[in-house]
Amino acid sequence: MFLLRLLIVALIVSYVIWFFNTRIMGKSLSLYKVTSWVLVATVAIYVFLAGVSFLVEGF
């Protein structure tokens with residue numbers, strides 16, 4: 001359930017970024033590209049924080 005919620009938030013954030021870049025900034029970006037970068041960044045942050053939590057709490 002946690003990962004589904006994380007995925008939904010990442011999709012909403014990517015839509016907001018895409019909408020801002022295409023409508024307000026006038027750039028030509030595809031929604032697919034923005035979504036993939038946001039998902040990659042989300043997974044990277046999640047893995048980093050899980051690793052830090054693992055190291056801080058001990059083996």
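Which residues of α1 are buried? I looked that up and found Ala10, Ser14, Trp18, Asn21 and Thr22. Buried here means under 20% relative accessible area, with exposed over 50% and partly exposed in between (1.4 Å probe, protein chains only).

**Ground rules.** I noted that this is a predicted model, where local features need pLDDT of at least 70, side-chain atom pairs count only at pLDDT 80 or more, and totals for chains, interfaces and linings use all residues. Residues are numbered from 1 along each chain as its sequence is written, and side-chain values use heavy atoms, leaving out hydrogens and water.

**Helix α1.** Helices are DSSP runs (H or I, at least four residues), numbered from the N terminus. I checked the length of α1: its 23 residues reach 32 Å from first C-alpha to last, close to the 33 Å expected at 1.5 Å a residue. The expected span is 1.5 Å times one less than the number of residues. After α1 comes Gly26, with a positive phi near 80°.

**Helix α2.** I did the same check here: 27 residues should span 39 Å, and the end C-alpha atoms are 38 Å apart, which agrees. The buried residues of α2 are Val34, Thr35 and Val38, and their cover includes α1. Just after α2, Gly58 has a positive phi of about 105°.

**How the two meet.** Two packed helices are described by the angle and the distance between their axes. I read that the axes of α1 (residues 2–24) and α2 (residues 31–57) come within 9 Å and cross at roughly 135°. That makes α1 oblique to α2; under 35 degrees would be roughly parallel, over 145 roughly antiparallel, 65 to 115 roughly perpendicular, and the rest is oblique. On the α1 side, the contact (heavy atoms within 4.5 Å) includes Phe2, Leu6 and Trp18. On the α2 side, Leu31, Thr42 and Tyr46 are among the residues taking part. The contact residues divide into 14 nonpolar, 3 polar and no charged.

**Zooming in on Ser14.** How buried is Ser14, as a relative accessible area? I found 1%, so Ser14 counts as buried. Ser14 sits in helix α1. Leaving aside neighbours within four places in sequence, I listed its contacts as Leu31, Val34, Thr35 and Val38. I also looked at Leu49: Ser14 and Leu49 are 35 residues apart in sequence and 21 Å apart in space, C-alpha to C-alpha.

Technical notes. Axes fitted to C-alpha atoms, helices over the stretch in contact; angles between N-to-C directions. Helix = DSSP H or I, 4+ residues; strand = E, 2+ residues; numbered from the N terminus. Nonpolar A, V, L, I, M, F, W, Y, C, P; charged D, E, K, R; others polar.
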